[in-house]
Amino acid sequence: MPSYSAPLRDMQFVYNELFDPADISALPGCEDATADLVEPVLEEAARLAENELFPLNATGDSHGCQYEDGKVTTPPGFAKAYQEYAEGGWIGLPCDPKYGGQGMPGALNVLMEEMACSANVSFATYVGLTRGAYRAINTFASEELKERYLPKMVSGIWSGTMCLTEPQCGTDLGLIRTKAVAADDGSHQLTGTKIFITAGEHDLTENIIHLVLARLPDAPPGIKGISLFLVPKFLPNKDGELGERNGMRCARIENKMGIKASATCEMSLENATGWLIGEPHKGMRAMFTMMNDARLGVGIQGLGIGESAYQAAVQYAKDRQQGRSLSGTQYPDQPADPLLVHPDIRRMLLTMRAFTEGGRALSVWIGRNIDIRDRSDNPQARKEADDLVQLLTPLVKSYLSEAGHDAAQMAVQVYGGHGYIRENGVEQYARDARIAMIYEGANGIQALDLVGRKLPAHMGRYLRRFFHPVQKWIDANTADATLQPFILPLAKAFGRLQIATGQIAQAGLKNPNEAGAASSEYLKLFALVALAFLWAQMAKVALSKKETDEEGFYQAKIATAHFFMERVLPQTGSLFSAIMVGGKTMMEFPDDAF
Ligand SMILES: Cc1cc2nc3c(=O)[nH]c(=O)nc-3n(C[C@H](O)[C@H](O)[C@H](O)COP(=O)(O)OP(=O)(O)OC[C@H]3O[C@@H](n4cnc5c(N)ncnc54)[C@H](O)[C@@H]3O)c2cc1C
């Protein structure tokens, strides 16, 4: 069976060495987040992930969730682990101390989330959605609703969900039919059916707070007529304690490919009482706050699974003996050499590693910008950070989920036939990773968001928040001979990205199908350039410290940076060609010929 050990050394490298932690601890409310505190927090999170969550991963997969008469039972051990997680204050780690949160930086929370996803991604879905719901309520709900709901959500006594999907409506939320009718007391009565609701019902918390999209009677058609409501499973009394059972119930749970310990519920609303969050018909705005949070979380699911898959594959490649090295026997006293000697195995392991270490840097980078956006007292800094978060969110969601899935598939490949056998554990990673490319807006939709909304936004302002720092970094370091192996490929890939951006902007103006046809390749090209930017910076830090290297950490970092630049980044060449050739072959293919 695979094991999991949190990559604490690399996490500390990203948090404290690649980036300057003082930028974050200088933010209002983050003063305590110094290196002295960050280290023990990460260590404690690692203990929880390794010892409590990881042992429940395989058993959670085989037991799955059980449904009976409206009730959902999570796999054995989940309730106890949840209690420990909540009592440790982990759900509220980045939340406002006003509601009982720890007020810790989002950049630190990103690392905590990665560990939870590596250890047990099903478990992570229960806690991740509560945090997303917290953010939407905290940003848009009335003070009364905040006071009533947030403290219990932050402490984990109550959990949260997001309820968008309906049988006829997935990507296209304009098709939502759930109805909300105003009652005399200021509340609303909601009726309809929601499907695929993660953690819609379970036995981990005494109450579940659903954020539900629905239509008011006077709603304009389509996406502009959707409102957001808070609908609790149990209606709290005036004193905040649990009262009457509300009319929102679980009708069934789905039998699915992966994340089997995460309950995916069909929820039926029959005159369920709810309260409006934000303005009528402006629900999408509020829901996007939650969705953006969740999109980052879904990208981190890919990263987390990719890390576990990498660790399992490395262990197996060291233990399993098959064949001899192409360059001559390496272990003559053994019946065969370990898999690790074979170039193709090393190719897969290093591809996984280049992704997880680069992906970790990318997720902490966005986490830092979320902290600046939410906490800085400098309005310009807040605005710039928000622009970058807007731009990077579809990249993080889409690229990390896809690369995490690829990493899980590679782990199966490294294990060979044994990877395909359930009891060896890695096929679970391949199944669990698959959903991250679909939910929270399928990856194709993220690509459309990037080319359709993020590129043109404010005449390219979001783009400049990325392009300018990259160009500035290249210019500032270009004279450094030791950095040439990193700067040259970065500059080449960045050039491709700039040309491809111009091509998409021009061709897309004339024919939107051209932008759509290029979008997925463009997103991947963009993500690879973002990783190259981070890998070049990581190489620079590692080169500057390699003399102090006692455990080979910096040497390995530099070697992985070389691998990324030489073996992964050249993919930008084929992506660039596909973008530049346009979408004609796809769009002119006759419908009848499919
Ligand atoms: C395990 C699981 C958990 C989930 N959890 C939740 C949850 O907690 N809350 C919730 O509300 N929903 C949840 N979902 C639903 C999930 O978000 C949707 O399945 C997803 O958004 C896609 O919608 P769909 O399945 O209806 O696919 P469709 O919308 O039918 O799309 C099918 C395919 O077509 C593509 N496509 C659709 N429209 C376009 C377009 N305009 N342009 C280009 N391509 C397009 C999509 O990218 C996708 O690849 C969950 C789903 C699953 C399976």
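How many residues surround the ligand, and which are the closest? Select the ligand in this predicted model and display its surroundings: the shell holds 19 residues, and L164, G170, T171, T198 and A442 are the closest.

Next, colour the shell by residue class. There are 11 nonpolar residues, 7 polar ones and 1 charged. Then switch to cartoon view and pick out β3 (158-163), β5 (188-198) and α14 (443-454), each of which supplies at least two residues of the shell around the ligand.

Now colour the protein chain by domain. The domain assignment gives domain 1 as 8-140, domain 2 as 158-284 and domain 3 as 289-585. With these colours on, go back to the ligand: it lies between domain 2 and domain 3, because both give residues to the shell around it.

Where the two domains meet, 37 residues of domain 1 are in contact with 32 residues of domain 3.

Stay on the domain 1 side of this contact and select its helices in turn. The elements giving two or more residues to the side that touches domain 3 are α1 (8-18), α2 (21-25), α4 (55-63), α6 (106-119) and α7 (121-140). Stop at α7, which gives the most, with 11 residues.

The residues that touch domain 3 divide into 21 nonpolar, 7 polar and 9 charged.

Definitions and conventions. Residues are numbered from 1 along each chain as its sequence is written. This is a predicted model: local features need pLDDT of at least 70, side-chain atom pairs count only at pLDDT 80 or more; totals for chains, interfaces and linings use all residues. Domain bounds come from an automatic or database domain assignment. Two residues are in contact if their C-beta atoms, placed from the backbone, lie within 7 Å. Helices (H or I, at least four residues) and strands (E, at least two) are DSSP runs, numbered from the N terminus. Ala, Val, Leu, Ile, Met, Phe, Trp, Tyr, Cys and Pro count as nonpolar, Asp, Glu, Lys and Arg as charged, and the others, Gly among them, as polar. A residue is near a molecule or strand if its C-beta atom, placed from the backbone, lies within 6 Å of it.
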